[in-house]
Amino acid sequence: MDPPVKDHFIIFQTKRYVTDKIRKILSVRPIPVYGRLAFLHVRKYNSIQGDDIMDILLLEDDADLGRGVRMALQTPDRSVTLCGSLSEARKILEDKIFDLLILDINLPDGDATLLLKEQKAANPLVPVILLTANDMEYDIVAGLESGADDYITKPFSLAVLRARVNNQL
């Protein structure tokens, strides 16, 4: 029997001996229900797709860098959509909910922190990673205070980016 689906969350009950490792893998936190531990699965399922493929939106105006990052992050269970401008990203975000957003801040048609604030207001559970050349302490603090879940400065290591993406998903 499948667990009940309620508002993009899966709620299920399990025994007390679930290990911390399993809790971390499943991204769950325990809540008491009728004397047992229940776990609220906080990974949002994409109800539009109806599958378990994790969808990532990558907003990067440097086409070569964008293609390289997309190739590094794309796996059989992970889809990466590459956008080159704010207007293109907004158009795509109107029709689809993503599991993760990776945003460059400085774009030819504007500043992506406005898009970040819009998306956090609309979908607060969707994590956002800022991937930018702005490496001053002020920029990092401003990005995180705008709602970003992580901040990576360019140049960056693909291994570190992959690890931080995995951590957010």
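Visitor: Which residues does Leu101 touch, not counting residues up to four places away in sequence?

Guide: Contact means heavy atoms within 4.5 Å. By that rule, Leu101 touches Leu57, Leu93, Gln119, Val126, Pro127, Val128 and Ile129, with residues up to four places away in sequence not counted. This is a predicted model, where local features need pLDDT of at least 70 and side-chain atom pairs count only at pLDDT 80 or more, while totals for chains, interfaces and linings use all residues. Residues are numbered from 1 along each chain as its sequence is written, and side-chain values use heavy atoms, leaving out hydrogens and water.

Visitor: Where is Arg78, and is Arg78 buried or exposed?

Guide: Buried means under 20% relative accessible area, exposed over 50%, partly exposed in between (1.4 Å probe, protein chains only). Strands are DSSP runs of E, at least two residues, and helices are runs of H or I, at least four, numbered from the N terminus. Arg78 belongs to strand β6 (residues 78-83) and is buried.

Visitor: What joins the side chains of Arg78 and Asn166?

Guide: A polar contact is a pair of N or O atoms within 3.5 Å; within protein, one must be able to donate a hydrogen and the other to accept it, and residues adjacent in sequence count only if both atoms are side-chain atoms. Here the polar contact between Arg78 and Asn166 is 2.6 Å.

Visitor: Why does Gly66 count as buried?

Guide: Gly66 counts as buried because its relative accessibility is 0%. Gly66 sits in helix α2 (residues 63-73) and touches Leu58, Glu60 and Leu82, not counting residues up to four places away in sequence.

Methods
Lys, Arg positive; Asp, Glu negative; His and termini not counted. Salt bridge = Lys/Arg side-chain N within 4 Å of Asp/Glu carboxyl O.
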